[in-house]
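Here is a short briefing on one protein chain.

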Amino acid sequence: MTADGGGTSRAVRATGEDGAAGAGGAERAEGAARAGVDGVAEEYGDDVGDEGGDPIALRLEALILGAERRYTPFQAARAAGVSMDLASRFWRAMGFADIGQAKALTEADVLALRRLAGLVEAGLLSEPMAVQVARSTGQTTARLADWQIDSFLEGLTEPQEPGMTRTEITYPLVELLLPELEEFLIYVWRRQLAAATGRVVQAQDDAEMVDRRLAVGFADLVGFTRLTRRLEEEELGELVEAFETTAADLVAAHGGRLIKTLGDEVLYSADDAGTAAEIGLRLIETMTHDETMPELRVGLAFGTVTTRMGDVFGTTVNLASRLTSIAPKDAVLVDQALAEELTRNGDAPKSEADVGEGEETAAGYRFALQPMWQRPVRGLGMVEPWLLSRRGG
């Protein structure tokens with residue numbers, strides 16, 4: 001699909017009978033969208049006026065949720081067989097605001113409450129864990145939904161079809177895309193769940209399932225604050241998107257896991273030091289060859305990491321962040337523990353004296369390590385970083 005006018009026309013026309021193209025298909029799509037708006041009052045009754053909702057927005061909501069508004073929060077909690085207090089905790093954890101006693105919930109909301117409460121009653125989840133499930137799912141999908149609307153649908157509905165508003169174009173587009181995006185989301189989620197489960201199963205003991213030894217890396221764009229003052233908002237957005245996309249692709253391709261992006265910074269992890277080092281150097285090499293990108297700094301550390309809700313915490317993470325802040329431009333700094341892991345695994349020599357002059361001796365080493373000066377790091381004491389480079393680079 002394209003984000004140009006042709007892509008919009010094709011998508012809207014596809015809602016015509018038998019996928020008809022041309023003016024007839026577009027007219028049928030337009031008629032369907034507007035007929036849907038006219039039918040809102042009949043479908044929702046007095047709720048439209050009572051709740052002050054926009055008719056088209058309500059129609060889109062019904063399309064996406066697949067159900068009509070029927071319940072107040074109290075009615076939904078009672079129908080699900082849970083207390084109002086627990087229902088409110090689940091609702092807020094998913095990221096939704098309190099709605100008082102407005103009739104704004106559907107059968108799907110009742111079913112979701114019933115399922116979460118059922119997992120607690122069956123002893124499969126504790127109540128705090130069920131709230132965490134709601135929160136982690138809500139936070140992840142909220143960001144995904146915002147991205148899809150801001151970047152995806154906005155592009156598909158521009159430029160507008162003659163005689164139709166963007167909102168009217170959105171309805172048939174959502175109607176076409178919704179089942180495909182839903183199936184794709186489930187597919188990716190299952191793939192990610194399988195990968196995460198595999199990592200947990202391979203853990204050596206129960207403690208390692210939560211507190212694991214991982215390599216953690218930060219990559220930070222140099223001079224980003226100055227760029228925000230110099231670039232237009234659209235240019236800045238394009239730069240950030242290009243950086244995040246490139247970083248995410250490189251991390252995934254080389255066996256790491258992208259933890260999160262923070263605009264000018266990305267955080268990733270890897271099961272072993274060699275993988276983290278390879279990703280760090282690849283990031284530098286890729287960004288250096290892109291004239292549109294500023295310089296990059298990378299900091300890596302290895303050690304015990306606590307994982308919660310897809311994020312990572314602990315001294316190792318803090319150390320990687322501090323190393324990033326003191327790294328030279330277009331360079332990778334690693335801590336002592338990661339340097340030791342590289343030498344222990346045969347990825348780097350303990351010292352250049354161990355390499356010798358023969359090429360055969362150096363052939364087994366991927367990386368070179370150069371000790372840097374010791375320095376105090378706020379909150380972590382004295383740190384001896386190592387400058388990481390590619391062997392022969």
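Asp 347 and Arg 366 meet through their side chains in a salt bridge, 3.4 Å from N to O. A salt bridge here is a side-chain nitrogen of Lys or Arg within 4 Å of a carboxyl oxygen of Asp or Glu. Asp 347 sits in the loop between H16 and helix H17 (359-362), and Arg 366 in the loop between H17 and strand E7 (367-371), so the pair ties together parts that are 19 residues apart in sequence. The model is predicted: local features need pLDDT of at least 70, side-chain atom pairs count only at pLDDT 80 or more, and totals for chains, interfaces and linings use all residues. Residues are numbered from 1 along each chain as its sequence is written, and side-chain values use heavy atoms, with hydrogens and water left out.

**The Asp 347 and Arg 366 pair**

- Asp 347 is buried, at 13% relative accessible area.
- Arg 366 is partly exposed, at 36%.
- Buried means under 20% relative accessible area, exposed means over 50%, and partly exposed lies in between (1.4 Å probe, protein chains only).
- Both residues belong to a network of salt bridges that links Glu 278, Arg 282, Glu 285, Asp 347, Arg 366 and Arg 390.

**Other salt bridges**

- The whole structure holds 14 salt bridges.
- Side chains of opposite charge can pair when their charged atoms come close.
- Arg 297 bridges to Asp 220, with the closest N and O atoms 3.1 Å apart.
- Arg 297 is in strand E4 (residues 296-308) and Asp 220 is in strand E1 (residues 211-221), so this bridge ties together parts that are 77 residues apart in sequence.
- Arg 297 is buried, with a relative accessible area of 19%.
- Asp 220 is buried too, at 10%.
- Arg 344 and Glu 341 form a salt bridge through their side chains, at 3.0 Å from N to O.
- Both of these residues lie in helix H16, 3 residues apart, or about one turn of the helix.
- Arg 344 is exposed, at 60% relative accessibility, whereas Glu 341 is buried, at 13%.

**Helix H16 and what follows**

- Helices (H or I, at least four residues) and strands (E, at least two) are DSSP runs, numbered from the N terminus.
- H16 covers residues 336-344, and its buried residues are Leu 338, Ala 339, Glu 341 and Leu 342.
- Down the axis of H16, these buried residues fall within an arc of 160 degrees, so they line one face of the helix.
- The arc is taken from the directions from the helix axis to the C-beta atoms.

- H15 (residues 315-326) has 12 residues, which at 1.5 Å a residue should span 16 Å; its end C-alpha atoms are 17 Å apart, which agrees.
- The expected span is 1.5 Å times one less than the number of residues in the helix.
- Thr 316, Val 317, Leu 319, Ala 320, Leu 323 and Thr 324 are the buried residues of H15.
- Seen down the axis of H15, they fall within an arc of 160 degrees, so they line one face of the helix.
- Gly 314 lies in the loop between E5 and H15, and is partly exposed at 30% relative accessibility.
- The C-alpha atoms of Gly 314 and Thr 304 are 7.5 Å apart, with the two residues 10 apart along the chain.
- Asp 330 lies in the loop between H15 and strand E6 (331-334).
- Asp 330 is not a glycine, yet has a positive phi of about 55 degrees.
- Asp 330 is partly exposed, with a relative accessible area of 31%.

**Asp 311 in strand E5**

- Asp 311 is in strand E5 (residues 311-313), and is buried at 16% relative accessibility.
- The side chains of Asp 311 and Lys 260 are joined by a polar contact of 3.1 Å.
- A polar contact is a pair of N or O atoms within 3.5 Å; within protein, one must be able to donate a hydrogen and the other to accept it, and residues adjacent in sequence count only if both atoms are side-chain atoms.
- Leaving out residues up to four places away in sequence, Asp 311 touches Ile 259, Lys 260, Leu 267 and Thr 306.
- Contact means heavy atoms within 4.5 Å.

**Whole chain**

- The chain has 17 helices and 10 strands.
- Of its 393 residues, 38% are buried.
- Among contacts with a separation of 6 or more, 63% join residues 24 or more positions apart.
- The chain exposes about 21900 Å², with 52% supplied by carbon and sulfur atoms.
- Accessible areas come from the Shrake-Rupley method with a 1.4 Å probe; for residues, only the protein chains shown count as cover.
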